[in-house]
Amino acid sequence: MHARIAFGLATLVAATSCVGQAVETAAPARPKLAAAPASRQAPPTLPAGPPPALLAAAPDAGPTIAVDLTAAPPFLAQAANATAAARAVDCLTAAIYYEARSEPLKGQQAVAQVVLNRVRNPAFPNSVCGTVYEGSSRETGCQFTFTCDGSLAGRREPVAWERARRVAAAALAGFVYEPVGAATYYHTTAVHPWWDAKVRQVAQIGAHLFFQLPGAWGSSLAFRQSYGGVEPSPAVAVRTPEKATDRFVESFQAGVTIHRAGEVAAPASDDTVVAQPAVVRSFGVDVHRGDTAQPIATESGVRVYRGTTEA
């Protein structure tokens, strides 16, 4: 009996082995599938930056133009009502959260400063929400990428949002982050937009590089726009269009006069040319590139006159 059981087991093992071999022999070898190509990571969205028309009209951004790192004045403007004040905090909080959520405190303060610098600059809307959402109705060209790249549809992290809100509230109450001066543009170190060669870098804070327009156009002298006090809701603000370039170029030029020669010639009534003063004072600030007057200071080849000093 033991012999029969042993024989039966041997037969079963042999049969199973044969079946396995038959299946292995009968089944055609499957060709190996080509490895799927590695998914390419989408390139980061480039920030819109200054309009080309503005850069074409702005002073040269070359090394002869000094960088003015004068800290911006505190933002102490009052909203028209409680609703507008709450919207200003919400919109500034969103900019800080989505643009610099992973940044340290100083990185978030720098982003908040840029937003408020824009609000007082005639190149941008005169409200916080309008400035944050400017251009976001288009697929490309939004000033702050989070407003048009789908980030707003994601879930917020409550702790990070509250941290950003505290930074926003402090900035709107007058806190100034001085290291970025009057900067109105920035981008991360991971991108290289075409316009960064046309502006002046003033700081690197965390993962962001901060820029201002060249010369007096990018300094706090350009802060001649008053806060409107009225804040559109985000649903309305997303339709805020970019400002017309010719209008804010005119606004910039209205306050600062730049002469690139020693004299300015003007025709007299008898068609003769009469030499005019090389320095024209406007809003207490004069910029002169000639040699006919005694400057107060020379900064990278630019002579700057302030106040009522006589030439």
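Modeller: Strand 1 and strand 3, the latter covering residues 208-212, pair in the antiparallel sense over four bridges. Helices (H or I, at least four residues) and strands (E, at least two) are DSSP runs, numbered from the N terminus, and two strands count as paired if DSSP finds at least two bridges between them. In general, strands of a sheet pair through backbone hydrogen bonds, either parallel or antiparallel.

Before going on, note that this is a predicted model, in which local features need pLDDT of at least 70 and side-chain atom pairs count only at pLDDT 80 or more, while totals for chains, interfaces and linings use all residues. Residues are numbered from 1 along each chain as its sequence is written, and side-chain values use heavy atoms, with hydrogens and water left out.

Strand 2 and strand 3 form a hairpin with two residues between them; in the turn, glycine 206 has a positive phi of about 60°.

Taken together, three strands make an open sheet in the order 1-3-2, with antiparallel pairing. Strand 1 (185-188) and strand 2 (200-205) are at the edges with a single partner strand each, so one side of each is left without a neighbour in the sheet. On average, neighbouring strands of this sheet are turned by 25° against each other, direction ignored. Helix 4 (residues 105-119) packs on the sheet and touches strand 1, strand 2 and strand 3, where contact means heavy atoms within 4.5 Å. The direction of helix 4 makes about 145° with that of strand 1; axes are lines fitted to C-alpha atoms, for helices over the stretch in contact, and angles run from 0 to 180 degrees between N-to-C directions.

Helix 4 leads on to the helices that pack with it. Two packed helices are described by the angle between their axes and the distance between the axes. The axes of helix 3 and helix 4 come within 9 Å and cross at roughly 130°. Helix 3 and helix 4 are therefore oblique to each other; angles under 35 degrees count as roughly parallel, over 145 as roughly antiparallel, 65 to 115 as roughly perpendicular and the rest as oblique. Their crossing is right-handed, a word used if the near helix is turned clockwise from the far one by less than a right angle, with anticlockwise being left-handed. Leu92, Ala95, Ile96, Glu99 and Ala100 of helix 3 meet Gly107, Gln108, Val111, Ala112, Val115 and Leu116 of helix 4. The residues of this contact divide into eight nonpolar, two polar and one charged. Ala, Val, Leu, Ile, Met, Phe, Trp, Tyr, Cys and Pro count as nonpolar, Asp, Glu, Lys and Arg as charged, and the others, Gly among them, as polar.

Helix 4 also packs with helix 6, at an angle of about 45° and with the axes 10 Å apart. That makes helix 4 oblique to helix 6, and the crossing is right-handed. On the helix 4 side are Leu105, Gln108, Gln109, Ala112 and Leu116, which meet Arg163, Ala164, Val167, Ala171 and Leu172 of helix 6. By class, this contact has seven nonpolar, two polar and one charged residues.

Helix 3 (residues 82-100) and helix 6 (residues 158-172) pack against each other as well, at about 125° with axes 8 Å apart. These two are therefore oblique to each other, and their crossing is right-handed. The contact includes Asp90, Leu92 and Tyr97 of helix 3 and Trp161, Arg165 and Val167 of helix 6. In this contact, 14 residues are nonpolar, one is polar and two are charged.

The structure holds one salt bridge, that is, a side-chain nitrogen of Lys or Arg within 4 Å of a carboxyl oxygen of Asp or Glu. The side chains of arginine 165 and aspartate 90 form it, at 2.5 Å from N to O. Arginine 165 is in helix 6 and aspartate 90 in helix 3, so the pair ties together parts that are 75 residues apart in sequence.
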